[in-house]
Amino acid sequence: MPERLFLNALSVVQDLADRLILPGDTVVDATAGNGWDTLWLARLVGESGRVVALDIQQEALERTARLLKENGMEDRVQLFCLDHSRLESLGLTDVKLVVYNLGYLPGGEKTLCTGADSTLSSLSQALKLLLPGGAVCLTVYPGHPPGAREALALGGFIRGLDQNVFDVVVLDFPNRKNHSPYPVIIQKLEGGVSGEE
């Protein structure tokens with residue numbers, strides 16, 4: 001069997017980030033989780049770059065910190081125990097990429113998961129922080145009830161984005177079972193900073 005072009009949602013997001021991120025860039029992992037996305041972003045931004053990673057769960061940040069230390073990347077990353085809906089409170093500017101891996105912490109408490117209200121608030125903030133040409137990438141998990149509600153709300157939000165300011169791509173996997181996770185990619189074009197029409 002030939003190699004799949006689209007292995008899964010995370011591989012699509014990683015392929016895009018590999019093309020987009022340059023050494024020295026500032027990027028955000030808005031849902032640090034177990035730290036794998038944070039580590040991968042730290043490698044991409046290089047020694048002169050900056051990764052800001054946040055998670056609402058201290059357990060997630062501890063896992064992320066351990067992984068970064070094991071790989072010698074802890075100096076490139078700032079960790080914050082913070083809900084992603086408070087992204088603007090960090091005072092960031094000129095962000096090249098914001099990554100969200102929605103849902104719950106793998107191996108953690110499944111009742112603690114991202115939700116529509118906080119995710120849409122965070123996404124509105126993230127779009128304002130982006131440099132022109134930068135992007136937000138979300139991996140969406142519609143296979144559990146909170147995730148399905150979050151996906152529905154997100155779909156409504158992205159359909160309302162101004163096409164002169166943002167390109168939006170949703171890559172679905174309609175023939176895969178169990179409501180397969182899918183990526184949503186929003187690139188900020190030259191133009192205004194408005195998140196909605």
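Residues are numbered from 1 along each chain as its sequence is written, and side-chain values use heavy atoms, with hydrogens and water left out. Because the model is predicted, local features need pLDDT of at least 70 and side-chain atom pairs count only at pLDDT 80 or more, while totals for chains, interfaces and linings use all residues.

The largest nonpolar core holds 30 residues. A nonpolar core is a set of buried Ala, Val, Leu, Ile, Met, Phe, Trp, Tyr and Cys residues joined through side-chain atoms within 4.5 Å. Buried means under 20% relative accessible area, exposed over 50%, and partly exposed in between (1.4 Å probe, protein chains only). Val28, Val98, Tyr100, Leu127, Val136, Leu138 and Ile186 touch the most other members. Two or more residues come from each of strand 2 (50–55), strand 4 (95–101), helix 4 (116–129), strand 5 (130–140), helix 5 (145–159) and strand 7 (182–188). Helices (H or I, at least four residues) and strands (E, at least two) are DSSP runs, numbered from the N terminus. A second, separate core has 25 residues, including Leu39, Val45, Leu61 and Val99.

Contact means heavy atoms within 4.5 Å. Residues up to four places away in sequence are not counted for Leu138, which touches, among others, Tyr100, Leu123, Leu154 and Ile186.

Valine 12 lies in helix 1 (residues 9–20). Valine 12 is buried, at a relative accessible area of 13%. Beyond its neighbours within four places in sequence, valine 12 contacts Phe6, Leu171, Pro183 and Ile185. Valine 184 is 172 residues away from valine 12 in sequence, yet their C-alpha atoms are 9.7 Å apart in space.

Rolling a probe the size of a water molecule over the atoms shows where empty space is left. On a 1 Å grid over the protein atoms alone, a cavity is a set of points where a 1.4 Å probe fits but cannot get out; lining residues have an atom within 4 Å of a point. Grid points are joined across faces, edges and corners, and a volume is the space filled by probe spheres set on the points. The count is 1 cavity of 30 Å³ or more. The largest cavity holds about 40 Å³. Its lining includes Leu10, Asp37, Trp40 and Cys137. Helix 1, helix 2 (36–45), strand 4 and strand 5 each supply at least two lining residues.

A disulfide is a pair of cysteine sulfur atoms within 2.5 Å. The count is 0 disulfides. Cysteine 81 is partly exposed, at 45% relative accessible area. Cysteine 137 is buried, at 0%.

Definitions and conventions. On a 1 Å grid over the protein atoms alone, a cavity is a set of points where a 1.4 Å probe fits but cannot get out, and a pocket is an open set with protein on both sides within 12 Å along at least five of seven lines; lining residues have an atom within 4 Å of a point.
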